[in-house]
Amino acid sequence: MPTCRVFGIHPASISGRDAATAASRPLIDAGWMPKTRLVGKSGLKVKPKVYLALAISGAPEHIEGMKSAATIIAVNTDKHAPIFNFAHYGMVADLFEVCEELTEAIEDR
Ligand SMILES: Cc1cc2nc3c(=O)[nH]c(=O)nc-3n(C[C@H](O)[C@H](O)[C@H](O)COP(=O)(O)OP(=O)(O)OC[C@H]3O[C@@H](n4cnc5c(N)ncnc54)[C@H](O)[C@@H]3O)c2cc1C
């Protein structure tokens, strides 16, 4: 499922829910999402109840846009990634290994 490989969660499972997908700068620069979906210093400042940071390193410019989220959940293969200093919950894991389970969990809600 290509979109799962890109975003971790299939956008169809988010559609129609009170949720949205967004991205960090490398994905925007690569053209995978429009610039209007950029979170950070140069983009959106978001304040969701839950911010799911999939493969986000935690650069200050990105943190600036999402640090006000009530709950931050991070999934990163690097246990030293700075995002874990900001996350309320963290998982050292490959997002490709957890994305199907995450999608199912969302669809079950
Ligand atoms: C003036 C200026 C303004 C900027 N404005 C913004 C902005 O508004 N928004 C923004 O986002 N950035 C901005 N940046 C860029 C910012 O500095 C970072 O480069 C960017 O946020 C890094 O994005 P990232 O975390 O997605 O990528 P990276 O820093 O490359 O991190 C990727 C992370 O993914 C992890 N990873 C890789 N593969 C997997 C996997 N399979 N499973 C789990 N984890 C994995 C890695 O361990 C790593 O921690 C700006 C930079 C400058 C200089």
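1. Two strands count as paired if DSSP finds at least two bridges between them. Strands themselves (E, at least two residues) and helices (H or I, at least four residues) are DSSP runs, numbered from the N terminus. One example from this structure is Asn76, which stands opposite Val92 in strand 3.

2. A note on the source: this is a predicted model, in which local features need pLDDT of at least 70, side-chain atom pairs count only at pLDDT 80 or more, and totals for chains, interfaces and linings use all residues. Residues are numbered from 1 along each chain as its sequence is written.

3. Overall layout. The protein chain has five helices and three strands. From the N terminus on, its elements run α-α-α-β-α-β-β-α.

4. The three strands form an open sheet with the order 1-2-3 and parallel pairing. Strand 1 (50–54) and strand 3 (89–92) are the edge strands, each pairing on one side only. The twist averages 10° from one strand to the next; axes here are lines fitted to C-alpha atoms, for helices over the stretch in contact, and angles run from 0 to 180 degrees between N-to-C directions. Strand 2 and strand 3 run parallel and are joined by four bridges. In general, strands of a sheet pair through backbone hydrogen bonds, either parallel or antiparallel.

5. Burial. A residue is buried if 20 or more other C-beta atoms, placed from the backbone, lie within 10 Å of its own. Of the 109 residues of the protein chain, 28% count as buried.

6. The core. A nonpolar core is a set of buried Ala, Val, Leu, Ile, Met, Phe, Trp, Tyr and Cys residues joined through C-beta atoms within 7 Å. The largest one has 20 residues, of which Tyr51, Ala53, Leu54, Ile72 and Ala74 touch the most other members. Strand 1, helix 4, strand 2 and helix 5 each give two or more residues to this core, and the largest share, four residues, comes from strand 1.

7. Ala74. Contact means C-beta atoms, placed from the backbone, within 7 Å. Leaving aside neighbours within four places in sequence, Ala74 is in contact with Ala53, Ile56, Ile83, Phe84, Ala87 and Gly90.

8. The ligand. Of the 24 residues around the ligand, Ser24, Arg25, Gly40, Ser57 and Glu61 come nearest. The largest share of this shell, three residues, comes from helix 4.

Key
A residue is near a molecule or strand if its C-beta atom, placed from the backbone, lies within 6 Å of it. A residue is buried if 20 or more other C-beta atoms lie within 10 Å of its own, exposed if 12 or fewer, and partly exposed in between; C-beta atoms are placed from the backbone. Two residues are in contact if their C-beta atoms, placed from the backbone, lie within 7 Å.
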